[in-house]
Amino acid sequence: MSRISFLNGQFLPHENCMVHIEDRGFQFADGIYEVTLFKNGRLIDGDPHIERLFRSLREMKIEHNFTKEFITQLQLDLFAKNNMSEGTCYIQITRGMANRVPWVPKNLTPTISATVSLGKKMTEEEFEKGVSIMTHEDIRWKRCDIKSVALFASSFINQKAKDSGFDDAIFVRDGVVTEGTFANAFIVDANDTLITKAADNLILCGITRNRMIAIAKEKGIKVEERNFSVAEMLNAKEVFLTSSSLILRPATKIDGNQIGNGKAGKISRILLEEYKKFIG
Ligand code: PLP
């Protein structure tokens, strides 16, 4: 049976979901998205994801009349229709269709689409080994707080990392580590303090980031939300990346330098274990 996806009010076979060539999302990356994890019949941090989705719509001034209840139900229905008890839901809203003009047209009907997938799980061996990272200048625009579909800079640098023999890249802007191509970045210093960049316009304020910070505080781990440099990151005991789909990936090698003992660290392990308990 074909995967069922959602487009503009209809649940359809995945391959039949088509959008117009003059959709603003297609021509201008004029749209936003969310990716939410689903486990045991529950959307993980479903409300914060929807709140961020509405924030992105507000910041991009995309007119709509979607409700939180509608977005929640749509995601749950999609998992049910695909007989899935776990996976991830990708939901995207663009400004809609308009003649191609340079300004931002008003009174459009937004295009809403959603798909589900099984996602990728890290094995224990992959977690223990961690990923190898390349640092790269942050070439993205300065509204990284909006979860916009304009992802080419991230995708381009992610591929550049792979082509250069790394697993992924971490962005650096003006000497400050911002975040991963599709994830937030954390370091653990010599005193076991967990450090991540404070949320501003230069990073996406990750839902997993926020959950990890809350878990760390509950476990009595000191947390600092502040800028840190590449040198501080290279000297850290642990470095890791967080995102809803891949949860927590230790970065055990950065620009060829081993981080800590070159394996997943203690705090990374505690946070992943506690996160797993949280999702059930
Ligand atoms: N930062 C960027 C640039 C991302 O693309 C993502 C996820 O896609 C994240 C951070 C992590 O956000 P979340 O934990 O909400 O998935």
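This is a predicted model: local features need pLDDT of at least 70, side-chain atom pairs count only at pLDDT 80 or more; totals for chains, interfaces and linings use all residues.
Residues are numbered from 1 along each chain as its sequence is written, and side-chain values use heavy atoms, with hydrogens and water left out.

Entry on salt bridges. I took a salt bridge as a side-chain nitrogen of Lys or Arg within 4 Å of a carboxyl oxygen of Asp or Glu, and the structure holds 25 of them. Glu224 forms one with Arg226, with 2.7 Å between the closest N and O atoms, and Arg226 is partly exposed at a relative accessible area of 28%. Salt bridges with shared partners also join Arg55, Glu59, Arg143 and Asp145 into one network. I then turned to Asp192 and Lys266, a salt bridge with its closest N and O atoms 3.0 Å apart. This pair links distant parts of the chain, 74 residues apart, with Asp192 in the loop between β10 (184-188) and β11 (194-196) and Lys266 in helix α8 (residues 266-279). For the elements I used DSSP runs numbered from the N terminus, helices being H or I of at least four residues and strands E of at least two.

Entry on Arg95. I found Arg95 in the loop between β5 (86-94) and β6 (111-117), and it counts as buried at 6% relative accessibility. Its side chain makes a polar contact of 2.6 Å with that of Asp30, and a polar atom of the Arg95 side chain lies 2.8 Å from the backbone oxygen of Met60. A polar contact here is a pair of N or O atoms within 3.5 Å; within protein, one must be able to donate a hydrogen and the other to accept it, and residues adjacent in sequence count only if both atoms are side-chain atoms.

Entry on aromatic rings. I counted rings of Phe, Tyr and Trp (its six-membered ring) as a pair if their centres lie within 6.5 Å, with planes under 30 degrees apart stacked, over 60 edge-to-face and the rest tilted; the structure holds eight such pairs. Phe38 and Phe79 are stacked, at 3.9 Å centre to centre and 5 degrees between the planes. They lie 41 residues apart, Phe38 in strand β3 (residues 31-39) and Phe79 in helix α3 (residues 68-81). Phe38 is buried at 6%, and Phe79 is buried at 0%.

Entry on the nonpolar core. I used sets of buried Ala, Val, Leu, Ile, Met, Phe, Trp, Tyr and Cys residues joined through side-chain atoms within 4.5 Å. The largest such core has 24 residues, of which Leu53, Ile71, Ile93 and Ile112 touch the most other members. Two or more residues come from each of β1 (4-7), β3, α2 (46-59), α3, β5 and β6. Apart from this core lies another, of 21 residues, including Leu37, Phe127, Ile267 and Ile279.

How values were computed: Buried means under 20% relative accessible area, exposed over 50%, partly exposed in between (1.4 Å probe, protein chains only).
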